[in-house]
Amino acid sequence: MDNKQYITQLSRRATLNYKETQLLVNSTIAMITEVLSQNDSLAIPAFGTFSTDKRDEYIAVDPQSGHRMLYPPSISPKFTPGTILTKSISNQ
């Protein structure tokens, strides 16, 4: 399912027009992005938790050339599904 199909189906379920639903979806994504950019987490009951995963810098060796490379620290988004979501998917 792509974004357009998702918004169309959501607008039907929520009895909103397409533009309102699109604004709602975009606002939700912007809010999640804002929370994660502040290194905070967002828990949505029965759905899951959005958080960030921090990696420290590390040194790796290229096996072909033998050169050592320093990789900088990084932060990536992480999603952990909730128990209710996991159970509802496994029951189907």
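Mentor: Phe-79 counts as partly exposed because its relative accessibility is 34% (buried means under 20% relative accessible area, exposed over 50%, and partly exposed lies in between, with a 1.4 Å probe and protein chains only). This is a predicted model, in which local features need pLDDT of at least 70 and side-chain atom pairs count only at pLDDT 80 or more, while totals for chains, interfaces and linings use all residues. Residues are numbered from 1 along each chain as its sequence is written, and side-chain values use heavy atoms, with hydrogens and water left out.

Phe-79 sits in strand E5, which covers residues 74-81 (helices, H or I with at least four residues, and strands, E with at least two, are DSSP runs numbered from the N terminus). Together with Ile-44 and Phe-47, Phe-79 makes a nonpolar surface patch of about 230 Å². Patch residues have over 30% relative accessible area and no salt bridge; nonpolar side chains (Val, Leu, Ile, Met, Phe, Trp, Tyr) are joined within 5 Å, like charges within 9 Å. The areas come from the Shrake-Rupley method with a 1.4 Å probe, and for residues only the protein chains shown count as cover. A salt bridge is a side-chain nitrogen of Lys or Arg within 4 Å of a carboxyl oxygen of Asp or Glu.

Strand E5 also holds Thr-80, which is partly exposed because its relative accessible area is 38%. Thr-80 and Ala-43 are 37 residues apart in sequence, and their C-alpha atoms are 9.3 Å apart in space.

Ala-46 belongs to the loop between strand E1 (42-44) and strand E2 (48-55). The phi of Ala-46 is positive, about 70°, although Ala-46 is not a glycine. With a relative accessible area of 45%, Ala-46 is partly exposed.

Helix H1 (3-14) and helix H2 (18-37) each give the lining at least two residues. By class, the lining has ten nonpolar, three polar and one charged residues (Ala, Val, Leu, Ile, Met, Phe, Trp, Tyr, Cys and Pro are nonpolar, Asp, Glu, Lys and Arg charged, and the others, Gly among them, polar).

The loop between H1 and H2 contains Thr-15. Thr-15 is not a glycine, yet its phi is positive, about 50°. Because its relative accessibility is 70%, Thr-15 counts as exposed.

Pro-72 is exposed, at 55% relative accessible area. Pro-72 and Glu-57 are 15 residues apart along the chain, and their C-alpha atoms are separated by 4.6 Å. Glu-57 is also 31 residues from Ser-88 in sequence, but there the C-alpha distance is 38 Å. Ser-88 lies in helix H3 (residues 83-90).
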